[in-house]
Amino acid sequence: MRRLSLVSLLALAACGGHSAATAPGPMAASRAANTLTPAEKNAGWRLLFDGKTTSGWRGYKSTAVPSGWHVVNGELARVEKSSDIITSEQFRSFELSVDWKLNAPGGNSGIFIRAALGSDEIYFSAPEMQILDDDVHPDGKSQLTSAGAAYGLYPAPRGAVKPVGQWNTARILVDGDHVVQWLNGVKMADYVLGSADWKARVSNSKFSKWPEYGKAKQGFIGLQEHDNPVVFRNIKIRVLP
């Protein structure tokens with residue numbers, strides 16, 4: 001397992017001095033959405049969503065953003081039946097911060113990392129951080145599939161997700177093969193892609209059917225279409241060396 005680099009630790013300090021285990025991410029709640037502070041810019045953060053356009057995004061199965069995804073009031077919104085979207089750019093090691101909100105009870109979505117093109121579905125290759133209404137959706141009954149979990153593989157602790165209609169902040173650190181996930185400042189999962197533990201969990205899950213799952217050393221960041229209204233803002237990334 002790789003340790004956080006000095007660059008990572010310095011960047012965390014620039015974003016408020018929190019430790020890696022508890023840092024809520026770079027956004028200050030009182031700041032205008034989809035903006036960066038000078039400290040964030042100096043630490044290498046950049047926006048993946050400008051709050052005005054879908055520039056920098058595409059469909060998983062098409063180069064255009066699929067209908068159903070729109071920019072509404074500064075939010076990247078899934079407003080009607082659509083398909084998964086991904087960044088136009090691929091990433092290897094990075095720190096990602098995303099605000100998300102479910103706008104209807106029972107909502108379900110997700111954030112994918114290192115998605116590879118060519119599969120029938122994005123989840124055949126890309127690990128997912130779960131977005132969910134734990135109180136209503138059936139997946140909320142299991143910590144393996146509840147909000148903040150590394151879907152189907154690493155369980156999330158209870159109590160971090162906010163109710164439907166309120167904003168949550170997801171943070172994902174991918175440093176080589178080491179992945180750490182937080183939700184609203186609480187660590188949700190910590191795992192190493194390709195490790196013995198990872199392989200054992202994958203082999204006992206539905207992902208064992210897809211040999212490409214979790215194998216990409218770099219890939220796209222994706223947002224899931226799962227037949228539910230969900231909105232995103234403050235999507236920002238800091239690429240690691």
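## Working through the fold

Student: Where's the place of Gly-110?

Tutor: Gly-110 is in strand β7. Strands here are DSSP runs of E with at least two residues, helices are H or I runs of at least four, and the numbering goes from the N terminus. Keep in mind that this is a predicted model, where local features need pLDDT of at least 70, side-chain atom pairs count only at pLDDT 80 or more, and totals for chains, interfaces and linings use all residues. Residues are numbered from 1 along each chain as its sequence is written, and side-chain values use heavy atoms, with hydrogens and water left out.

Student: OK. Is Gly-110 buried or exposed?

Tutor: Buried, because its relative accessible area is 0%. The cut-offs are under 20% for buried and over 50% for exposed, with partly exposed in between (1.4 Å probe, protein chains only).

Student: What is Gly-110 in contact with, leaving aside neighbours within four places in sequence?

Tutor: Glu-128, Met-129, Ile-131, Gly-222, Leu-223 and Gln-224. A contact means heavy atoms within 4.5 Å.

Student: What does Ala-126 contact, leaving aside neighbours within four places in sequence?

Tutor: The list is Phe-112, Ile-113, Arg-114, Ala-115 and Tyr-213. Phe-112 is 14 residues from Ala-126 along the chain, and their C-alpha atoms are separated by 5.7 Å.

Student: Zooming out, how many helices and strands are in the chain?

Tutor: Three helices and 13 strands. Of the chain's 241 residues, 53% count as buried. If you take contacts between residues at least 6 apart in sequence, 65% of them join residues at least 24 apart.

Student: How many residues of β13 are buried?

Tutor: Nine of its 10 residues, so to speak a mostly covered strand, running over residues 230-239.

Student: Which way do β6 and β13 run, parallel or antiparallel?

Tutor: Antiparallel, with eight bridges joining β6 (residues 94-102) to β13. Two strands count as paired if DSSP finds at least two bridges between them. In this pair, Trp-100 stands opposite Phe-232. Strand β1 (residues 45-47) also runs antiparallel to β13, joined by three bridges, and there Arg-46 is opposite Ile-237.

Student: How many bridges join β4 to β13?

Tutor: Three, and that pair is antiparallel as well. Ala-77 stands opposite Val-231 in β13. Strand β4 also pairs with β3 (residues 69-72), in the antiparallel sense over four bridges, where Ala-77 is the bridge partner of His-70. The hairpin of β3 and β4 has two residues between the strands, and Asn-73 in it takes a positive phi near 50°.

Student: New topic: how many residues has the largest nonpolar core?

Tutor: It has 46, and those with the most contacts inside it are Leu-76, Leu-96, Tyr-191, Leu-223, Phe-232 and Ile-235. Strand β6 supplies the largest share of this core, five residues. A nonpolar core is a set of buried Ala, Val, Leu, Ile, Met, Phe, Trp, Tyr and Cys residues joined through side-chain atoms within 4.5 Å. In soluble globular proteins, nonpolar side chains tend to be buried together.

Student: What does Phe-232 touch, not counting residues up to four places away in sequence?

Tutor: Its contacts include Phe-49, Trp-69, Leu-76, Trp-100, Ile-131 and Leu-223.
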